[in-house]
Amino acid sequence: MAATSKAQVLSLYRLLLKESKAFPSYNYRTYALRRVRDAFRENQGVEDPKAVEQLLQKARENLDIIRRQVSIGKMYAAQRTVVESTQKKFV
């Protein structure tokens with residue numbers, strides 16, 4: 001497979017963040033966002049093309065998992081947590 005460009009990696013990163021933000025549950029949403037950021041930050045210095053391609057393949061698989069879990073989570077309504085409740089802004 002061709003060498004992966006920085007643009008492709010950033011695109012996948014943004015997609016993972018966007019899909020993770022779609023979780024209806026606050027706990028799942030924050031966990032997914034944290035894991036995505038940590039994984040990309042942890043592997044930031046990897047330069048071996050084969051290793052990068054393996055990591056990207058794993059990220060694509062995780063993206064599919066996140067998409068499935070988001071659609072399942074939307075089927076079942078959950079009560080909003082205190083953290084998610086809308087608060088009045090003080091000016």
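I take a pocket to be, on a 1 Å grid over the protein atoms alone, an open set of points where a 1.4 Å probe fits, with protein on both sides within 12 Å along at least five of seven lines; lining residues have an atom within 4 Å of a point.

I note that this is a predicted model, in which local features need pLDDT of at least 70 and side-chain atom pairs count only at pLDDT 80 or more, whereas totals for chains, interfaces and linings use all residues. Residues are numbered from 1 along each chain as its sequence is written, and side-chain values use heavy atoms, with hydrogens and water left out.

**Pocket.** I looked up the largest pocket and found about 1,300 Å³ of space in it, a volume being the space filled by probe spheres set on grid points joined across faces, edges and corners. Its lining has 48 residues, and Leu16, Arg35, Val36, Ala39 and Phe40 lie nearest the centre. Helix 1 (6–20), helix 2 (26–42) and helix 3 (49–75) each give two or more residues to this lining. Helix 3 supplies the largest share, 13 residues. By class, I recorded 28 nonpolar (Ala, Val, Leu, Ile, Met, Phe, Trp, Tyr, Cys, Pro), 10 charged (Asp, Glu, Lys, Arg) and 10 polar residues (the others, Gly among them).

**Fold.** I counted three helices and zero strands, where helices (H or I, at least four residues) and strands (E, at least two) are DSSP runs numbered from the N terminus.

**Contacts.** Of the contacts (heavy atoms within 4.5 Å) between residues at least 6 apart in sequence, 68% join residues at least 24 apart.

**Burial.** I found 20% of the 91 residues buried, that is, under 20% relative accessible area (1.4 Å probe, protein chains only).

Technical notes: Buried < 20%, exposed > 50% of the residue type's maximum accessible area, 1.4 Å probe, protein only.
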